[in-house]
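User: Could you walk me through this chain?

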Amino acid sequence: MPTIAVIPGDGIGKEVMPFGVQAVDVAARRHGLDVEFDHFDFASAEYYQEHGRMLPEDWKTVLGSYDAILFGAVGCPAVVPDHVSLWGSLLQFRRHFDQYVNLRPCRILPGITSPLRDKGPGDVDFLVVRENTEGEYSNSGGIMFEGTQREFAMQETVMTRVGVDRVMEYAFDQAMKRRRKVTSATKSNGISITMPYWDRRFSAAAVRHPEVETDQFHIDILTAHFVQHPEWFDVVVASNLFGDILSDLGPACTGTIGVAPSANINPTGEFPSLFEPVHGSAPDIAGQGIANPIGQIWSGAMMLDHLGAEDCGKEIEAAIESVLRAADTAVLTPDVGGTGNTETLGRAVIEALN
Ligand code: ATP
Ligand code: MG
């Protein structure tokens, strides 16, 4: 029986989470799978106001005992500065639970208008696999020398063989379950040591997986191809910085931020992985009940997939697509052109599942 730690967090995270939990529960039950959910109120502005910190002392043992974490959104800049809330919660999870892959599926769903003219469902369907623990965001070394005419700042990028190889391996494994193609994001014409190393480890992974087609692009032209030729891509593997950029650009190409899911994965299974919508707490619409719950629900589908219940995950995705295809404006939330709300859209997906 999989056990899930549910952390709604702040703002619209609290509003969309009930539908994420319910969708997972309904889909799992249909397959005779009993999922246990425990809700936690930490990693939120309210918890911070009460305790002066984002997490309890024993969060590592508490969360470490679960099979996965379903997360809503953190962030309430009026109460806690963003760097405090983020560094005090999500980024701690990422590090301690060694969630070394960040995954973002980018797919245009039926009924959603892509900002890319002439692109619709089927044209954009790729997966961004971002290295999530080292690279340009290693946060090691660096120096700031200020106060003279010669002031300077420098900061290191760290790429370890283990760190690069393991994210490559994950990307190729994912490609085997998809259309068997991996594209690498590089910049070895401008960054002279770490990026050529990245390229070498990519080539080594390609040799280990001869059944997977590979190509690579410099990050600058790759961003252009995302917009002009998104149909070229299946799995895109990237370092921490380039992956950060691509994993925002990718979902942006598919329409609304409200439907996009993401995962922070520890593929070894030693620690829990974390699943969360791409969107944040959206303080501008929080409290209005109009947030699109699909990003949260789809994140729940990714969680089931990761836990080995692939059929359940696929059923949730099918339910989402059927509701969007029906395009009932009274059901859809305003961000996708509807007059409905979180409740009407969330309930419609649950009904489609049943
Ligand atoms: P945070 O600081 O938590 O990241 P944010 O406001 O910076 O929050 P998002 O929460 O991602 O960033 O919001 C960006 C924009 O997208 C906002 O205008 C928000 O209202 C809108 N948005 C985000 N999520 C949704 C959603 N689920 N449904 C509808 N609109 C959304
Ligand atoms: Mg933000």
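Analyst: Helices (H or I, at least four residues) and strands (E, at least two) are DSSP runs, numbered from the N terminus. This is a predicted model, where local features need pLDDT of at least 70 and side-chain atom pairs count only at pLDDT 80 or more, while totals for chains, interfaces and linings use all residues. Residues are numbered from 1 along each chain as its sequence is written, and chains are lettered from A, with ligands numbered from 1, in the order in which they are written.

User: How many of its residues are buried?

Analyst: Twelve of the 13 residues of α10 are buried, among them W298, M302 and H306; buried takes 20 or more other C-beta atoms within 10 Å of the residue's own, exposed 12 or fewer, and partly exposed lies in between, with C-beta atoms placed from the backbone.

User: What do those buried residues pack against?

Analyst: The partners of the buried residues of α10 are α1 (12-30), β3 (68-73), β11 (261-265), β12 (273-277), α11 (310-326) and α12 (342-353), where a contact means C-beta atoms, placed from the backbone, within 7 Å.

User: Switching to the whole chain, how many helices and strands?

Analyst: The chain has twelve helices and twelve strands, and buried residues make up 47% of its 354 residues.

Definitions and conventions: Two residues are in contact if their C-beta atoms, placed from the backbone, lie within 7 Å.
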